[in-house]
Amino acid sequence: MKNISFNDLELVIFDVDGTLYNQSLLRKKMLFSLASYFLFRPWKISELQILYHFRKEREKKAGFSGPDLAEQQYLWCQKKVNKPIEKIKEIVNKWIFNIPMQFLRECSYPGIHFFFDTLTRKNIRIAIYSDYNSLDKLNTLGLHGDLLVSSTDANINAMKPNSKGLNFIKSKLNVSDGSKCLFFGDRIELDGECAENAQIPFFLVERKAAANSLYKNLAEEILNKKI
């Protein structure tokens, strides 16, 4: 972000997991929930295998582009666990999309709401781009965006670091100059490379800084016109 001035920006794009909230803290809370659940239900331990392979296969397919990604991600997992698709979806929805919601707000990075509000006050639009559907997470976090995009959306069907999602956001919001955008993410190998592929400047969100006062400081600097 060395040569970026927020005064010149039209659009800020945010990744979600690890960027808007402390993913490490969330995982610790989820680990406790999983341990508590399976300790008294050892006969359901195969659900852990489903969760492992669902995440693992998605990670292995970084940059994948192809039709019906929303369904493909479950088929990748099915090849590893040999379980019915509906069962895989049930377990994934429960442990990846639903149960974490109860911890999400308390894991949000301090100052993130202030930062979003500051961008809005400065007439800088906000977009969200995640490899997962993020609407429920944004609602739970109490954050807003002018446009929410997921890699699994039918008009995207491409995972980071493929730049299709970022390019769609630029086009949809009529931002032709990538230098007028800034993409916040926490993973260089995915978010950073995705930004580079889309020719958009990238801001690396480091957990230690974000858990302290990164977003608060950025908001105050914008308001004081230091950046």
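Author: Two strands count as paired if DSSP finds at least two bridges between them, and strands (E, at least two residues) and helices (H or I, at least four) are DSSP runs numbered from the N terminus. This is a predicted model, where local features need pLDDT of at least 70, side-chain atom pairs count only at pLDDT 80 or more, and totals for chains, interfaces and linings use all residues. Residues are numbered from 1 along each chain as its sequence is written, and side-chain values use heavy atoms, with hydrogens and water left out.

Reader: How many bridges join β2 to β3?

Author: Strand β2 covers residues 125–130 and runs parallel to β3. Within this pair, Ala 127 stands opposite Leu 147 of β3. The number of bridges joining β2 to β3 is four.

Reader: Okay, and which strands sit at the edges of the sheet?

Author: The sheet is open, with five strands in parallel pairing and the order β3-β2-β1-β4-β5. An edge strand pairs on one side only, and here those are β3 (147–150) and β5 (202–204).

Reader: Is Asp 17 buried or exposed?

Author: Asp 17 is in the loop between β1 (11–14) and α1 (23–39). Buried means under 20% relative accessible area, exposed over 50%, and partly exposed in between (1.4 Å probe, protein chains only). Asp 17 has 12%, so it's buried.
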